[in-house]
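Visitor: Please take a close look at the aromatic rings here. How are they arranged, and what surrounds them?

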Amino acid sequence: MDVVFGMWADRAAYPPHGGEGAGSSGKPVVGPLGLLDLLETHLGLSGPTHPQVVRIAAFQRKLESADSNGRFYSGSLAADPWATARQLLGWRDGLVEAGWRAGILGSGRLADLSDVEGAGPALAPGSADRLAEVARQLDSRVSRTLRRLRLIDERASLSPGWRRLLDRLEACDVVVEQLAVGSAADPGVALGRAQAWIEAGTYDKTGPDGSVVELLADTPIMAAEALATYFGADQTPQGSVVLIAQDGNSQLLDGVLSRQAQPRAGYSPRSPFRGVLQVLPLAFQLAWRPFDPQALLDLLLLPRPPLPKAVARKIAMAMSESPGLDGPHWRAVWAEIEATALQDAHTEADHRSVAAKLERWDAWVRPSPVDTAGGLSLEVVLAICARVADWAVVQYAATGEAYFLGAQRLAQAVVEAVRGLDRESYSRTLLDRIVDQALADGEGDPMAQAQAAPWRTVAHPGSVWGRADTVVWWNFTDTGERPHRTPWTLAERAALRSEGCEPDTDAAAARRLSSAWERPVLNAGARLILVRASLGAGAETAAHPLAHRMAPIMRTEAVTARVEDIFRAPHLAVGGVDLHRREVDPAPVPHGVARWAAPSRFAELAAARVESATAFEDLLACQFAWALKHVARLRPGRARSIPDANQLLGLLAHALAAELLPPGAPSVPATVAAAAEARLDALVDEMAAPLRASAAASDFAFARRRLPASIAALSMALRRNELTVEAMEISAEGRFEGLAVKGTIDLLARTASGAPVVIDLKWTRSDNARRKEVEDGLAVQLATYVALVDSTLRAEAGYFLLNQREFVVPAGGRLQGRTVTAQRSLEDTWGSVMGTWSAWGAHVPDHGLVALGVEGADGLGPANLSLVREVRCDRCDYATLCRVKDTGASA
């Protein structure tokens, strides 16, 4: 074989092979991993690679085995064992590549590392160990497989381990040649002068001619639009083109290329945030106490959850409504899931299969949690990893999608790491470190596939090793790539050299990387296009280090084209191509529409509805929104989320009231408060688990202080008014002039004479809104519930504000509390509700629907409506449909 070798050629290179013409056999271009694989195959040393997380775990155990509290790393190991092991393993691997081996003692830190090497369990080989082993095993037979090795990088700049391998290859009769690097462009053009500057540091100032172009844009999307247009232009210069997708990321550019009918480059960065990779860390989060409903919700809402999507949706809904485990809501949902699963189970075998399936689902969503202060046993850790791996393998077998193999590899790496640490239990901090490290490499997007294109794409500038007519450097910004810094002192380096071990130097590493950055500039034959956006990821981008090196030549010899200039000019010149601006006819800006035609069946659909107090409130505010929500049943997409602390307190207050105020005479307030205190902690676990989080400690303390007092105050209000509880959370239905109405009453009580009393429980931060509602005669909820329980409309009602511990009631009745003088009685309010509903119904056939928040809506609705609520377009889910946010109106 005739191999071309470069330190950055593992993913792709240009030219793609070392032969002549369009293709060749036996002349591959390889990087470090490729050359190691080739030589290991020849020597029979091939084997599975070991994830870095496994090696770090083993090295941590070796450090602990060798630690005597007097080592140079002892303090760091005690403070942060994992980070210490990761750092020192990097140092150790660098020494191994440089020729170090156990037994080279030295003194101080070197002696401590030598002791670590011989302590504890064996360490799985990394790339440095593999390189050293290949160099030791080479013999003359390798020349039968590898005839010649041509070097892209300067031999002297390579790290000592690779130079040692090259020496061994030459000793085994393999020809090692240095590929020549020189200017590929005509020295008389700007590009040739740029190459002269790179090589010699001098050039003749002549001025730009378009062979060096700096394409600047404010945003990456504008830069991508310009570059895609350049590639698709008819006059794009012919010849070989290489595209550098810096950092191995062409996703944004690919999206624009596809939209402009251009082939995709197909480079996707490896990311630890791929959906299926989150299953394992979320499964571990659910293994800890206190239970984390947000982690369960995140697990269930993944694009590919580990439960069937229908099951995941039901549980996600339960979490968003009552975030806890084993409460009434949870049990009801789980019973529904079980009933659905058993529908098709007819035989005993079917029932066993369903039982096993339900057990698997239950293990995902309701594991046996362990207190964070303790640790997970090895058995539990392995069980979680096995569950994730089994699920991933089954999913891969069913779909063939490589994503799932990534999840399986992740779980397996964690298993190997925890086994390597060999502990009886694992703390949350340690497991988080292990999982984060296993996730560090991430996974690429398997959907990011390169398409046949007239250009060749590479992931790193250092992999451009031959002449290309046009070099396009996409995202010519600083990616943070830097040469490594040696941790060794001059004395330690001298001691290592005396033993035949010479670590890489800072200067050599910097020269190696700098040469890689310069290589595409030198290999550009006709034009060089550097594409850079000023902003990226919401922040200003930094210039690439090579940009500073080329700053003098760019000021005098480069053409700078700003993409945004095309907004002010008919075209933009980029590398000999004119990018033209095409005028489009502007579409008129949508205006708010106040009046809308009603569908032909609207009256029929509206009459068939069963109204509720909430629907009445919507109608009194805006008929159009009411029609969309309740008649058309148009619902906004709902993102499931965990209720906030105030909502959780309201849930708890309602639940405590329902449990502690059973039918009959209420208990004395002190007894109710004591019962609430005793029940509260368990109820939090059942339906408000987020309050257990340390971040919610103040809210939990407030709940413990306020909720028992609130329920006691409710009991006191009932006793003061001589009321007995008839029912909590009771459903009521009725018909009024042909209109069906239903509702759920929080608390229905009776007076001593048997008269009904409606109490609506509210948990609010302030009492202003409910008090003003009663005062203005807009208590639609209370009026609706009164109509449902008393056809004579003589029943009394009020709001009990649990947070404020106040019973807000209309003045003039027998109920005692915070009395409010109301503009109209509840009886009159109900009459106004019915009258308004009838008026709007009669208005629709001739006048359609009215969006009351749109400018110009005044006067379009029925005249003299007796009851109107404030229109809150800022809170409306349908404001974009009536376009209320736009100016102007159309009737």
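**Aromatic rings**

Guide: Tryptophan 330 is buried, with 5% relative accessible area; buried means under 20%, exposed over 50% and partly exposed in between, for a 1.4 Å probe and protein chains only. The model is predicted, so local features need pLDDT of at least 70 and side-chain atom pairs count only at pLDDT 80 or more, while totals for chains, interfaces and linings use all residues. Residues are numbered from 1 along each chain as its sequence is written, and side-chain values use heavy atoms, without hydrogens and water.

Searching the whole structure gives 16 aromatic pairs. In one of them, tryptophan 330 and tryptophan 334 are stacked, with 6.3 Å centre to centre and 5° between the planes. Rings of Phe, Tyr and Trp (its six-membered ring) pair if their centres lie within 6.5 Å; planes under 30 degrees apart are stacked, over 60 edge-to-face, and the rest tilted. The two tryptophans are about one helical turn apart because they are four residues apart in helix α15, residues 328–341. Helices (H or I, at least four residues) are DSSP runs, numbered from the N terminus. Tryptophan 334 is also buried, at 8% relative accessibility.

Phenylalanine 800 and phenylalanine 807 form a tilted pair, 6.3 Å centre to centre and 45° between the planes. Phenylalanine 800 is buried at 1%, and phenylalanine 807 is buried at 5%.

Charges also meet rings. The charged end of arginine 366 sits over the ring of tryptophan 334, 5.9 Å from its centre. This term requires NZ of Lys or CZ of Arg within 6 Å of the ring centre and within 35 degrees of the ring normal.
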